[in-house]
Amino acid sequence: MTLLTIIIILFTGGIVAWLSERYFKAGGRWISLISLLLSALLLTNYSTFIHSTEVGITEPWWDSLQISWIPRFGIDFHLAIDGLSFLMLALTLAMGIFGVLMTWNDISFRRGFFYFNYLWTLAGVAGVFTAIDLFLFFFFWEVMLIPMLFLIAVWGYEQRIYAAIKFFIFTQASSLLMLIAIVALVYIHYTNTGQLTFNYNALLDARLSPGVAYWLMLGFFVAFIVKLPALPFHTWLPDAHTQAPTAGSILLAAILLKTGAYGLLRFNLPLFPESSIEFAPVAMTIGAISIIYGAMLAFAQRDMKRLVAYSSVSHMGFVLLGLYALDTIAIQGAVMQMIAHGLSTAALFALVGALQHRLHTRDMQQLGGLWARLPKLSAVALFFAVASLGLPGLGNFVAEFTVLVGSFRSNHWITALAAIGLIGAALYALLMMQKVFFGKLNKRLEKPIREQETTDLTIRESCALLTLAGLLVFIGLHPQPIFNIADQTVQRSTAKIEAALYIQNSTRDKLSTQIHPIKLEHTSIEEKTP
């Protein structure tokens with residue numbers, strides 16, 4: 001019941017936050033913070049399972065709840081949690097708390113409705129990370145879409161309506177493909193077994209012809225890489241990030257992008273192992289190109305938010321590369337990248353929002369020399385900038401290095417191509433620091449800073465940002481706990497991949513042993529022919 005309680009708290013907290021605005025203007029943010037803290041406290045109940053592999057617990061799920069929902073169609077309200085779900089759920093709640101703290105005073109109108117949409121987005125994401133029934137998964141996948149649409153369209157900036165509609169069209173169209181693939185998978189399983197079910201564990205054993213499995217895999221794949229996002233389905237992300245309020249950008253970067261990566265690991269690889277093996281070189285190539293393309297476009301931006309948004313395209317390319325390397329080490333690196341990217345990019349978006357709130361601009365051409373006036377904010381920005389470019393000793397370095405090591409064993413050339421993106425990351429991160437924080441103070445800022453008495457980071461902002469910095473240092477110097485928590489899920493998700501590879505290799509060896517004697521006999525005949 002813990003999982004259900006967490007989701008109920010988030011849904012209920014959103015409603016209460018909306019209604020509380022009539023009586024207490026600041027009630028929404030306090031109710032949101034309390035709801036998230038309660039949910040995080042409940043999640044700690046699963047801390048005893050973190051060392052489950054050491055104590056001999058081998059069950060696939062740490063906890064599960066299954067309630068009959070629509071029995072006529074074999075649909076259950078089925079939630080479950082394992083190591084991967086735990087990490088993603090912890091990231092969701094932590095980033096939710098971080099977003100509330102960093103934007104404590106940013107929302108000036110319709111505060112109750114803002115926090116309603118904020119908490120409902122988090123509730124939908126929590127459902128995505130814990131739903132085991134595929135229909136329920138799709139339900140939560142759609143639930144997180146509408147509140148985020150409102151966050152962008154109502155509290156965004158000048159082009160917010162355009163960005164919100166673009167975000168909705170991309171995600172809704174891809175979701176339709178996934179729904180078609182889910183229904184087709186369930187129907188094929190029903191015709192083969194007579195069992196109508198949307199249960200993930202049952203559908204893992206679905207018997208599919210190679211052609212059908214390939215098309216179903218593509219339906220899931222497109223839906224997930226649109227949310228990831230990867231080239232060429234990434235164009236909604238820069239607009240959504242640029243126009244979204246700071247809290248919305250934090251949710252998008254730290255959490256919503258991870259639902260796409262989670263879907264690939266949880267569903268694509270184990271449900272369609274043979275098709276995933278066949279498609280892996282294409283997916284790895286898309287990931288490598290996304291890494292370089294995102295870095296190049298980030299380097300070309302003037303808007304700080306767009307720079308960080310395109311950097312997300314580049315960093316999430318490492319996730320796609322690692323997942324489809326079909327190597328345990330690379331997949332572990334992809335999971336680490338999901339967490340490290342969530343922490344570092346959320347902090348960067350929060351810092352950009354803090355600058356815009358103080359100086360009313362994100363244009364790097366209009367900024368400069370801020371280190372002398374805002375030393376605390378500048379120092380923290382430098383930390384997260386070098387974290388983003390992969391400084392050794394921080395979580396991003398461990399993630400990207402592990403992905404490249406595992407991917408190199410799978411495909412040398414694609415991995416070498418992807419490694420070029422590391423150079424691009426250093427260029428755009430250091431360029432941002434040089435233009436915004438170093439050099440002389442831009443003359444355009446002298447008057448606004450003097451008149452408004454622009455303040456540095458507050459204690460609340462400093463504590464929130466330093467907490468994320470501490471987490472990046474911890475997982476950078478001691479990443480093994482993350483690997484241990486995710487290991488059982490990674491092993492289970494790749495088991496079918498390994499089995500399919502073994503069958504393919506065995507079949508190839510048998511064919512080679514059958515063809516080899518024929519070649520020898522043919523050669524001997526040619527030798528005897530005058």
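Reader: Quick one to start: does H360 count as buried or exposed?
Author: H360 counts as exposed, because its relative accessibility is 56%. The cut-offs are under 20% relative accessible area for buried and over 50% for exposed, with partly exposed in between, using a 1.4 Å probe and protein chains only.

Reader: And what am I looking at, in terms of model and numbering?
Author: This is a predicted model, where local features need pLDDT of at least 70, side-chain atom pairs count only at pLDDT 80 or more, and totals for chains, interfaces and linings use all residues. Residues are numbered from 1 along each chain as its sequence is written, and side-chain values use heavy atoms, with hydrogens and water left out.

Reader: Back to H360. Where is its place?
Author: H360 is in the loop between α14 and α15 (375-388). H360 has a positive phi of about 65°, although it is not a glycine. Helix labels like these come from DSSP runs, numbered from the N terminus: H or I of at least four residues for helices, and E of at least two for strands.

Reader: What about the phi of L326?
Author: L326 has a positive phi of about 55°, and it is not a glycine either. L326 is in the loop between α13 (304-324) and α14 (328-359).

Reader: Which peptide bond is cis at P229?
Author: The one from L228 to P229, with omega near -15°. P229 lies in the loop between α9 (210-227) and α10 (236-243). The loop between α9 and α10 also holds P232, and the bond joining L231 and P232 is cis, with omega about 5°.

Reader: Switching to F220: buried or exposed?
Author: F220 counts as buried, because its relative accessibility is 1%. F220 sits in helix α9.

Reader: What does F220 touch?
Author: Leaving out residues up to four places away in sequence, F220 touches L134, M178, A181, I182, F267, N268 and F272. Contact here means heavy atoms within 4.5 Å. As for S174, 46 residues from F220 along the chain, the two C-alpha atoms are separated by 8.6 Å.

Reader: OK, helix packing. At what angle do α3 and α19 pack?
Author: About 155°, with the axes of α3 (residues 83-102) and α19 (residues 459-477) 9 Å apart. That makes α3 roughly antiparallel to α19. Axes are lines fitted to C-alpha atoms, for helices over the stretch in contact, and angles run from 0 to 180 degrees between N-to-C directions. Under 35 degrees counts as roughly parallel, over 145 as roughly antiparallel, 65 to 115 as roughly perpendicular, and the rest as oblique.

Reader: Which residues make the contact?
Author: From α3, M95, F98, L101 and M102; from α19, R460, E461, A464, L465 and L468. By class, the contact of α3 with α19 has 7 nonpolar, no polar and 2 charged residues. Ala, Val, Leu, Ile, Met, Phe, Trp, Tyr, Cys and Pro count as nonpolar, Asp, Glu, Lys and Arg as charged, and the others, Gly among them, as polar.

Reader: And how far apart are the axes of α2 and α4?
Author: 10 Å, with α2 (residues 27-43) and α4 (residues 111-130) packing at an angle of about 15°. So α2 is roughly parallel to α4. The contact involves G28, R29, S32, S35 and L36 of α2 and Y115, Y118, L119 and L122 of α4. The residues of the contact of α2 with α4 divide into 5 nonpolar, 3 polar and 1 charged.
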